[in-house]
Amino acid sequence: MRAMLYEAAHIMLVRLAKVVLAQGWAIKIARHRGMKKAIVALARRLVVIMHRIWVDGTEFRWTREATAA
């Protein structure tokens with residue numbers, strides 16, 4: 001599971017064309033701390049988001065604009 005989360009975070013940072021809310025946060029970390037730490041931080045954030053979705057039953061929002069809608 002850890003490897004899959006790491007891979008998903010890596011793809012989000014490197015290859016994903018659609019901008020995700022957490023992606024900008026992780027890019028700032030990558031600039032200051034390095035890419036590997038940013039990937040691990042993003043993977044952890046994905047786990048937190050997935051857990052909240054599981055507990056609340058809410059849907060994933062790609063951006064802040066989707067929150068207001």
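User: Which residues does Ala26 touch, not counting residues up to four places away in sequence?

Analyst: Leu13, Ala38 and Leu42 are its contacts on that count. Keep in mind that this is a predicted model.

User: And which residues make up the largest nonpolar core?

Analyst: There are 11 of them: Leu5, Ala9, Met12, Leu13, Ala22, Ala26, Ala38, Ile39, Leu42, Ala43 and Leu46. At least two residues of this core come from each of H1, helix H2 (21–33) and helix H3 (35–56).

User: Which helix gives the largest share of this core?

Analyst: H3 does, with 5 residues.

User: OK, stay on H3. Which of its residues are buried?

Analyst: Ala38, Ile39, Leu42, Ala43 and Leu46 are the buried ones in H3. Looking down the H3 axis, its buried residues sit within an arc of 135°, so they line one face of the helix. Lys37 and Arg44 are on the other side of H3, and they are exposed.

User: How far does H3 reach from its first C-alpha to its last?

Analyst: H3 reaches 31 Å with its 22 residues, close to the 32 Å you'd expect at 1.5 Å a residue.

User: Now H1. Which residues are buried there?

Analyst: Leu5, Ala9, Met12 and Leu13. They're on the same side of H1, because they cover an arc of only 95° around the axis. Over on the other side of H1, you have Ala3, Met4 and Glu7 exposed.

User: What about the span of H1, residues 2–14?

Analyst: The end C-alpha atoms of H1 are 18 Å apart, and that agrees with the 18 Å its 13 residues should span at 1.5 Å a residue.

User: Switching to rings: how many aromatic pairs does a search of the whole structure find?

Analyst: The search comes back with 0 aromatic pairs.

User: Then what lies over the face of Trp25?

Analyst: Arg45 does, at 3.8 Å from the ring centre.

User: Zooming out, how many helices and strands are in the protein?

Analyst: The protein has 4 helices and 0 strands. Along the sequence the pattern reads α-α-α-α.

User: And what percentage of the 69 residues is buried?

Analyst: Buried residues come to 19%.

User: Last one: among contacts between residues at least 6 apart in sequence, what share joins residues at least 24 apart?

Analyst: That share is 53%.

Note on methods: Residues are numbered from 1 along each chain as its sequence is written. This is a predicted model: local features need pLDDT of at least 70, side-chain atom pairs count only at pLDDT 80 or more; totals for chains, interfaces and linings use all residues. Side-chain values use heavy atoms; hydrogens and water are left out. The expected span of a helix is 1.5 Å times one less than its number of residues. Buried means under 20% relative accessible area, exposed over 50%, partly exposed in between (1.4 Å probe, protein chains only). The arc is that of the directions from the helix axis to the C-beta atoms. A nonpolar core is a set of buried Ala, Val, Leu, Ile, Met, Phe, Trp, Tyr and Cys residues joined through side-chain atoms within 4.5 Å. Contact means heavy atoms within 4.5 Å. Rings of Phe, Tyr and Trp (its six-membered ring) pair if their centres lie within 6.5 Å; planes under 30 degrees apart count as stacked, over 60 as edge-to-face and the rest as tilted. A charge sits over a ring if NZ of Lys or CZ of Arg is within 6 Å of the ring centre and within 35 degrees of the ring normal.
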